[in-house]
Amino acid sequence: MASSGPVGIFDSGIGGLSVARKIRELLPGEDIVYVADSLHAPYGEKSDNYIFQRMGAVTEFLLVRRVKAVVVACNTATTAAISRLRVRYPIPIIGVEPGIKPATLSTHTGVIGVLATPRTLQTNSFTALAQRFAKNVRIEVQPCPDLVTKIEALNFNSDQTIALLKQYISPLLDKGADTIVLGCTHYNHLSELISEVAGENISIIKTDAAVAKEVARRLSSGGLLAGGDHAGSEEFWTSGSLTTYHQQIELLWGKSSKCYHWL
């Protein structure tokens, strides 16, 4: 495995771009290949076996692109099947899980709210994660159907999106939560709006920066960090509509980005 290879990052859609952005900021010399499996989105409504099938297909594609590590920038995919993916592929595979641990250090009321896809909240991995940190806090979960679809459509500030956020956040606040965990990378794109809806005294926990630090640690420990002073490149691939993807990437990354369609 060559240190000159790119870092592969994938999600069911554009949520993982928030993680990719943090990786770019922390590791400016790394080449990045990002895949949005948009044709099969959202993962949050699929079975574990279906999600694993898609994870394998995307990983195979990334290996063809000669990546040196794979970042599963999707909470649902991570909690559903990342352990199986690691067994299949002898390459560093880094996932993302809801930031319950940092939330326990932030809360003053002892009540943590978690916003996530229905599938994430149903997985054994999430249950185990919550139980591991639930000794001194109460964890209240809130499934958020339809929110990923709004984000994929770039409806970041629409009345419908704001109404959905109020619908999902209000029950957590009513239960005493003073800290809200964003348990889906898509929600990072709405973090400011979520903070506004929740109120100024509510802490919002994201894990995108922590994942970027873990990627840097894994690359460093494996002798895989890119050498030299060159600026890293990016390639953006999608299994969905290339026209839609161009619009998404232009808004969230930049106009000069290279976008391609992957079957």
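Helices, of at least four residues, and strands, of at least two, are DSSP runs numbered from the N terminus. Counted in this way, the protein has eleven helices and ten strands. The model is a predicted one.

**The whole chain**

Begin with the entire protein in view. Its C-alpha atoms fill a box of roughly 50 × 40 × 35 Å along the principal axes. The radius of gyration is 18 Å, which agrees with the value near 18 Å that a compact globule of 263 residues would have. Of these 263 residues, 55% count as buried. Switch to a surface display next: the protein exposes about 11,600 Å², and carbon and sulfur atoms supply 49% of that area. Contacts can be considered in the same view. Among those between residues at least 6 apart in sequence, 75% join residues at least 24 apart.

Select Ala-41 and Pro-42. A cis peptide bond joins the two residues, with omega about -5°. Pro-42 belongs to the loop that runs between strand 2 (32-36) and helix 2 (48-64).

Proceed to helix 2 and display the side chain of Phe-61. The structure contains five aromatic pairs. One of them joins Phe-61 and Trp-237 in an edge-to-face arrangement, 5.0 Å from centre to centre and with 65° between the planes. This pair links distant parts of the chain, since Phe-61 is in helix 2 and Trp-237 is in strand 9 (residues 234-238), 176 residues apart. Phe-61 and Trp-237 are both buried.

How are the rings of Phe-61 and Trp-262 placed relative to each other? Their centres lie 5.1 Å apart and their planes meet at 35°, so the pair is tilted; planes under 30 degrees apart would count as stacked, and those over 60 as edge-to-face. Trp-262 lies in the segment after strand 10 (258-261) and Phe-61 in helix 2, so this pair ties together parts that are 201 residues apart in sequence. Trp-262, like Phe-61, is buried.

Ring pairs link Phe-61, Trp-237, Tyr-260 and Trp-262 into a cluster.

**Two arginines over rings**

Select Phe-52 together with Arg-84. The charged end of Arg-84 sits over the ring of Phe-52, at 4.1 Å from the ring centre. Then select Arg-21 and Trp-253. Here Arg-21 lies over the face of Trp-253, and the distance to the ring centre is 4.0 Å.

**Two residues with positive phi**

The last stops lie on either side of helix 7. Select Asp-146, in the loop between strand 6 (138-143) and helix 7 (147-152). Its phi is near 85°, a positive value in a residue other than glycine.

Finally, select Leu-154, which is located in the loop between helix 7 and helix 8 (159-174). Leu-154 is not a glycine, yet it has a positive phi of about 65°. With a relative accessibility of 25%, Leu-154 also counts as partly exposed.

Key. Residues are numbered from 1 along each chain as its sequence is written. This is a predicted model: local features need pLDDT of at least 70, side-chain atom pairs count only at pLDDT 80 or more; totals for chains, interfaces and linings use all residues. Side-chain values use heavy atoms; hydrogens and water are left out. Buried means under 20% relative accessible area, exposed over 50%, partly exposed in between (1.4 Å probe, protein chains only). Rings of Phe, Tyr and Trp (its six-membered ring) pair if their centres lie within 6.5 Å; planes under 30 degrees apart count as stacked, over 60 as edge-to-face and the rest as tilted. A charge sits over a ring if NZ of Lys or CZ of Arg is within 6 Å of the ring centre and within 35 degrees of the ring normal. The radius of gyration is taken over C-alpha atoms; the globule rule is 2.2 Å times the number of residues to the power 0.38. Contact means heavy atoms within 4.5 Å. Accessible areas come from the Shrake-Rupley method with a 1.4 Å probe; for residues, only the protein chains shown count as cover.
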